Amino acid sequence: YILRVAFVLYYTYKLMKASGSIKVFTGILVFILIWLVVTQVLEMKLLGSIFDTLMNVGVIALIVLFQDEIRRFLLTLGSHRHVSALARLFNGSKKESLKKKESLKHDDIMPVVMACLNMGKQKVGALIVIEHNVPLDEVVRTGELIDAAINQRLIENIFFKNSPLHDGAMVISKKRIKAAGCILPVSHDLNIPKELGLRHRAAMGISQQSDAHAIIVSEVIVSEETGGISVAYRGQFYLRLNAEELESLLTKEN
């Protein structure tokens, strides 16, 4: 029984860490501990009554104050492969429950990898988002619809400095370039290093709200091998990636 409880707590911790809501959860635990100490241990009636009132309206206050964090946690929970498989099983669709997620393979991802490497060496900035389980329809609607096959030259032309779409993000969905010039939510996480620019913050923002990979190509050359390529995934940065590391990160199972 203890092992099961420990497993559930650890699993919940991993999901909260992936969604970036672990700090909110920690703050709630600290508040509950203070409330228990004040009411049960110290028996401070006046302060205890104030804390009791706060606890009564606490759920509504949490939803209002931390709606973005709660949304990210629920999206992370719903997009997890085990939870998704369980949901499909309860829906009664055997064919769908046995169907595996269509993930990008080597041939699909190599045009993206090579385009990023070339753009990095040429000091061309880029931001490419690869959709997985969580739909990015809202993001796609902010840009220009393309709906073309994944092509290295097309990617490089879209992010060419004189292109009208080079400032926004490209969204790749279902093995196709869905849209370009898209606007991403910017992360306001204070833990992001100051030397990382707006593209990195936008990539972090979409990675915190979905299970997408967000590739950032920096305009500053870090090395000839990497070209300043980074990836934001599930609220975490993977910096200075070479071609092999980028391909491995993009093709691994979610």
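The following legends describe close-up views of a predicted model.

**View 1. Leu47 in helix H3**. Leu47 belongs to helix H3, which spans residues 45-56. With a relative accessible area of 33%, Leu47 is partly exposed, because this value falls between the limits of 20% for buried and 50% for exposed residues. Trp35 and Leu47 are separated by 12 residues in sequence, and their C-alpha atoms are 9.1 Å apart in space.

**View 2. Pairing of strand E4 with strands E2 and E3**. Strand E4 (residues 176-182) runs antiparallel to strand E2 (residues 144-149), and four bridges join the two. Within this pairing, Leu145 has Ala179 of E4 as its bridge partner. Strand E3 (residues 169-173) also pairs with E4 in the antiparallel sense, again over four bridges. In E4, Ile177 stands opposite Ile172.

**View 3. The hairpin of E3 and E4**. Two residues lie between the strands of this hairpin. Lys174 takes a positive phi there, near 55°.

**View 4. The largest nonpolar core**. This core has 28 residues, and those with the most contacts inside it are Met119, Ile128, Ile155, Phe159, Ile215 and Leu246. Two or more residues are contributed by each of helices H8 (106-121), H10 (152-158) and H12 (243-251), and by each of strands E1 (126-130), E3, E4, E5 (213-217) and E6 (229-233). Helix H8 provides the largest share, seven residues.

**View 5. Surroundings of Met119**. When residues up to four places away in sequence are not counted, Met119 touches Val124, Ala126, Ile128, Ile155, Glu156, Phe159 and Val217. Another core, of 21 residues, lies apart from the largest one; Leu136, Val171, Ala202 and Ala212 are among its members.

**View 6. Packing of helices H8 and H12**. The axes of H8 and H12 are 10 Å apart, and the two helices pack at an angle of about 135°. H8 is therefore oblique to H12, since an angle has to be over 145 degrees to count as roughly antiparallel. The crossing of the two helices is right-handed. On the H8 side, the contact is made by His106, Ile109, Met110, Val113, Cys116 and Leu117. On the H12 side, Ala243, Leu246, Glu247, Leu250 and Thr251 take part. Leu246 of H12 is also one of the residues with the most contacts inside the largest nonpolar core.

Methods: Residues are numbered from 1 along each chain as its sequence is written. This is a predicted model: local features need pLDDT of at least 70, side-chain atom pairs count only at pLDDT 80 or more; totals for chains, interfaces and linings use all residues. Side-chain values use heavy atoms; hydrogens and water are left out. Buried means under 20% relative accessible area, exposed over 50%, partly exposed in between (1.4 Å probe, protein chains only). Two strands pair if DSSP finds at least two bridges between them. A nonpolar core is a set of buried Ala, Val, Leu, Ile, Met, Phe, Trp, Tyr and Cys residues joined through side-chain atoms within 4.5 Å. Contact means heavy atoms within 4.5 Å. Axes are lines fitted to C-alpha atoms, for helices over the stretch in contact, and angles run from 0 to 180 degrees between N-to-C directions. Angles under 35 degrees count as roughly parallel, over 145 as roughly antiparallel, 65 to 115 as roughly perpendicular and the rest as oblique. A crossing is left-handed if the near helix is turned anticlockwise from the far one by less than a right angle, and right-handed if clockwise.
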